[in-house]
Amino acid sequence: MSGYVLRRLAGMVAVLLVLSVVIYAAFYIAPGDPAQIACGLKCSPAQVAQVREQLGLADPVYVQYAHFLGGIVAGRDFSTGTAVMHCHAPCLGISYRSGEQVTSMILQRLPVTGSLALGGMVLWLLLGVGTGLLSALRRGRPTERALTGLTMAGNAVPVFVIGLVLLIVFCSTLQWLPFPSYVPLTSDPQAWFWGLLLPWVSLAVVESAKYARLTRSSMLETLAEDHIRTFRAYGVSERRLVTRHALRAALTPVIALSALDLGTMFGSAVLTESLFGLPGLGKMLVSSVAVVDLPVVVGVVMVTGFCVVLANAAADVLYAVADRRVVLS
């Protein structure tokens with residue numbers, strides 16, 4: 001296990017380094033002057049040059065990148081023109097647009113996206129796995145055809161359409177729920193739950209469709225294996241056969257997909273966050289790309305990459321728990 005953990009940590013560092021290099025290269029090739037954007041359209045060339053010097057943009061790209069990596073490990077000092085600002089490790093830089101530390105900006109918005117992603121994942125797993133399991137057990141019956149139609153319809157409708165319909169029906173017309181907003185879990189758990197319920201349902205309706213199809217196909221494949229037929233021949237009850245043997249093995253691909261979705265949700269939840277007015281990472285990422293705010297973009301991408309790698313490492317461990325045939329090496 002220790003060797004496995006060390007290899008995963010080394011892989012995580014390599015993935016994050018590659019991500020940072022790609023993002024740096026892409027944004028320095030893209031049009032737009034970050035110094036001009038940070039200074040404003042009315043700044044003179046001399047003022048723009050001064051801002052470029054303060055932000056370190058006058059240095060070669062490889063020097064800027066080396067300073068970025070050094071800031072993550074040991075922190076970094078930034079000149080504001082009249083004073084020096086110290087950014088403690090792990091320092092992801094200073095926003096060109098607002099002058100805030102990127103790490104602080106991400107930490108402020110991470111609980112919003114984390115709550116949205118984790119709550120949505122729990123709901124779409126319950127709905128998707130339950131629907132897929134029921135479809136597999138009712139194969140060839142009207143129940144299966146009805147559930148298959150519902151999952152196809154849910155997968156075909158975009159998340160913003162489902163979210164908009166839910167807002168109109170439950171918040172505006174029926175007024176059963178408050179309009180979505182984010183309240184910290186530690187401040188008011190009940191308000192936190194009700195404020196995120198509609199975004200969770202919107203994500204679950206869309207995401208659960210692919211989990212239902214995946215669970216159904218994996219379950220049918222597992223039920224057709226030789227060891228399952230052997231258990232059935234020895235008189236093992238159908239309920240025990242499904243819950244103790246077939247379902248655990250069938251959940252392996254579901255675990256892999258859920259780990260990938262959970263990690264990428266930290267950077268790709270922009271549609272849901274924008275529709276419901278949630279100040280999360282996805283919304284901040286899109287606004288930062290629009291104004292070429294490189295430190296914020298790189299910081300969010302690094303955090304997203306970290307979440308993806310971490311979620312996949314956790315999924316590998318869960319493989320061994322769900323299926324005893326899997327051995328970590």
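Lys and Arg count as positive here and Asp and Glu as negative, while His and the chain ends are not counted. Each charge is placed at NZ of Lys, CZ of Arg, CG of Asp or CD of Glu. With that in hand, the protein chain has 23 positive and 17 negative charges, and their mean positions are 12 Å apart.

Before we go further, a word on the model: it is predicted, so local features need pLDDT of at least 70 and side-chain atom pairs count only at pLDDT 80 or more, whereas totals for chains, interfaces and linings use all residues. Residues are numbered from 1 along each chain as its sequence is written, and side-chain values use heavy atoms, with hydrogens and water left out.

Let us start with the whole chain. Its C-alpha atoms fill a box of roughly 85 × 55 × 35 Å along the principal axes. There are 14 helices and two strands, taken as DSSP runs numbered from the N terminus (helices are H or I with at least four residues, strands are E with at least two). Of the 329 residues, 41% are buried; buried means under 20% relative accessible area, exposed means over 50%, and partly exposed lies in between, with a 1.4 Å probe and protein chains only. The chain exposes about 17,100 Å², and carbon and sulfur atoms supply 67% of that area, computed by the Shrake-Rupley method with a 1.4 Å probe. Among contacts (heavy atoms within 4.5 Å) with a separation of 6 or more, 64% are between residues 24 or more positions apart.

Next, the annotation. An unreviewed UniProt entry places the feature "transmembrane region" at six spans: residues 9-30, 116-137, 157-179, 191-209, 249-276 and 296-322. UniProt positions follow the numbering used here, feature names are shortened, and annotations may be inferred rather than shown by experiment. Two of these spans can be compared with the model. Residues 116-137 are 100% helix and 0% strand, with end C-alpha atoms 31 Å apart. Residues 191-209 are also 100% helix and 0% strand, and their end C-alpha atoms lie 28 Å apart.

Now turn to the backbone around P90. The peptide bond from A89 to P90 is cis, with omega near -5°, and P90 is found in the loop between β2 (84-87) and α5 (102-137). Helix α5 also holds T103, which counts as buried because its relative accessibility is 17%. Leaving aside neighbours within four places in sequence, T103 is in contact with P90, C91 and L92.

Q175 has a positive phi of about 55° although it is not a glycine. Its relative accessibility is 61%, so Q175 counts as exposed.

Finally, the aromatic rings. The whole structure has six aromatic pairs, where rings of Phe, Tyr and Trp (its six-membered ring) pair if their centres lie within 6.5 Å; planes under 30 degrees apart count as stacked, over 60 as edge-to-face and the rest as tilted. The pair F170 and W176 is tilted, because the ring centres are 6.1 Å apart and the planes stand at 50°. F170 is partly exposed, at 25% relative accessible area, and W176 is exposed, at 62%. The pair W192 and W200 is edge-to-face, because the planes meet at 70°, with centres 5.3 Å apart.
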